[in-house]
Amino acid sequence: MADNLVIVESPAKAKTIKKYLGKNYSVVASMGHLRDLPKSNLGVDIEHDFEPKYITIRGKGDLMAKLKKEAKAAKKVFLATDPDREGEAISWHLTQVLGIDDSDTYRVAFNEITKNAVKNAIKNPRRIDYNLVDAQQARRILDRIVGYKISPLLWRKVKKGLSAGRVQSVATRLIVDREREIEAFIPEEYWTIDAHLNRDGEKNSFTAAFFGNSNRKIELTNEEQVRDILSAVENAEYRVKSVKKGEKTKNPAPPFTTSTLQQEASRKLNYTSKKTMQAAQQLYEGVEVQNLGTTGLITYMRTDSLRISEEAQKHALSFIKSTYGDKFLPAKPRIYKTKKGAQDAHEAIRPTDVGITPDMVKGTLKPELYRLYKLIWERFVASQMQSAVFDTTTADIEAAGYIFRATGSKVKFQGFMKVYVEGNDETEEAEGVIPSLNQGEVLNLKKLEEKQHFTSPPPRYTEAMLIKAMEEDGIGRPSTYAPTITTILARGYVAREGKTLYPTELGFIVTDIMTEHFRDIVDIEFTANMEQRLDSIEDGKVRWVSVVRDFYEPFESTLKTAENLIGNIEIQDEVSDVVCEKCGRNMVYKMGRYGKFLACPGFPECRNTKALMQEAGVSCPLCGAKVLVKKSKKGKAYYGCEKNPTCKFMSWDMPTDNKCPQCGKILFKKSGRFGEKLYCADKDCGYAEKITPSEGE
């Protein structure tokens, strides 16, 4: 038995840390929380200062006994859980269940799991930070009170299985409000006129957009107005009135916070927020890397700070200089200002060692981990590089007293763009290159192109856009964005179509009830203020009990009023065209843990249920029956025969009705980062071809 015991949350983290500590240290995992509030009841003593009643989580008894035995035998117990409120709370719970005296508590925290960081933390332990514990406990109790007090009311009045949450209800409201904005939107007509021009002796044309006249910009709002302008300019002389040349610089984006990482991974990698955080957790805790062993590749991934350590910045600048050259270094090291109200305890998300390039880990990391690490690495390196520089040109071209404006830009110096360019939720028109024009020059008109447009409603939220809105409004904190979105999807309040999130009928109904009867719970400003009060607990400025009491007293009154005012609301299940083979009724759509499924409306007399299957539109390569699109327990789509279990066909990739030109076997279709390809089912054959999109796709 080692003299020193180190307790962390996960086996992966334990494995990485063990590598850095000697034989005198035993490193074990608590597998997350050992204690929590009970699921069967509120678990909070309202009458006695909201005292929480923690119990051992089911199934953790044996682990707890093992940890107690090891802690008793060790001379020192180091608690090395994550460096945030949740991690601090886990460490505190460990002191309670293992019987560790506060004076003997050795709490260690590190922002990155590297040899230096771990060893320095072990050399400089501290006591439990009770302000952090209290902030976590206050959040847990507030969320429990809201969930366990409002949810039963929704069960009685609306539908069993519904739930309300302090943050999830606000997130759902954002999506519902956006949908209503879209429904209420009245499009307005507008027009554009483009002149396609070229110079004498040049084949290539460029585009100048209608601007107005020499005095002002003219908005084109109807066809009659457009026709008048076209008749004036179609046979006119197009003369360059002015040419303005300039230079524009573009600065790099700062390194990632939790929010911006989730947004960018959604845009560029098509990752859900949940997938992003799971992958980031693995990269932080440690993964196997060739020639390096188990290594923590990134810093802690729950942060809203833009700060980076001086040492990390020096390494980045040295790397940039040696890899790209002096001209890619900024005049002075870049310092990014963290937004007001952000928690600055941790650095921004960055590689633990900028020298471990994506190419070095590509061969050993799983593809989803490699792609996320590459994104984090590139963003961090680019954030420390010189700005990009563009040469810009704006030319005003006059025709019959009207002005057409052509703009163009050309990269003069790549700067940070050599490594990384930030994504954007909005569709941006790229500026083209226009020829070097001279004032007074006469141009040839190749074509006039007028187009009618209508203004668009605000777009539905994607996960990236919702996370951005939640962060801007102060709803939740870095650790809550992904779980909140997962919850509202699982509850059936929100559905996903591609990347887009939209509210279900249930989402509308529950949001309307919450807005009418629990206004504070779904009020953005109220929720943001509560986050600030939780931050105040963490800062030691206010006691957690007073924060919970200030919330509970008006909440209790609201709850009693709502009980009397809310009438019974019946939600009709959507009826399908699938007939129950046991009783003949048309089955209805229900929402379950893994999404929608079919159930017989004759429950409880008939308990028949079916998975909701979508036809793939191809035949089974083994028996010729229909192939269905199914979902695994983790929600991943796969393809299986409708005659399962009689027919054993199953594939992660979609079979096609095409045959391999080399061996005659079936071809499968696979989607990847660089598009789609067809490949032969026979691995020994090895045939593959890239799918070329047809015209218009």
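**Exercise 1. Work out which element gives the largest share of the largest cavity's lining, and describe that cavity.**

Solution. Start with the share: α15 supplies four residues, the largest contribution to the lining of the largest cavity. A cavity here is a set of points on a 1 Å grid over the protein atoms alone where a 1.4 Å probe fits but cannot get out, and lining residues have an atom within 4 Å of a point. This is a predicted model, so to speak: local features need pLDDT of at least 70 and side-chain atom pairs 80 or more, while totals for chains, interfaces and linings use all residues. Residues are numbered from 1 along each chain as its sequence is written, and side-chain values use heavy atoms, without hydrogens and water.

Then the lining, which includes S163, Y493 and M514. α6 (168–184) and α15 (505–517) are the elements giving two or more residues.

**Exercise 2. Find how F210 and F404 pair up.**

Solution. First, count the aromatic pairs (ring centres within 6.5 Å; planes under 30 degrees apart are stacked, over 60 edge-to-face, the rest tilted): there are 18. In one of them, F210 and F404 sit edge-to-face, 5.5 Å centre to centre with 80 degrees between the planes. Now place them: F210 is in strand β10 and F404 in strand β15, 194 residues apart.

Methods
On a 1 Å grid over the protein atoms alone, a cavity is a set of points where a 1.4 Å probe fits but cannot get out, and a pocket is an open set with protein on both sides within 12 Å along at least five of seven lines; lining residues have an atom within 4 Å of a point. Rings of Phe, Tyr and Trp (its six-membered ring) pair if their centres lie within 6.5 Å; planes under 30 degrees apart count as stacked, over 60 as edge-to-face and the rest as tilted.
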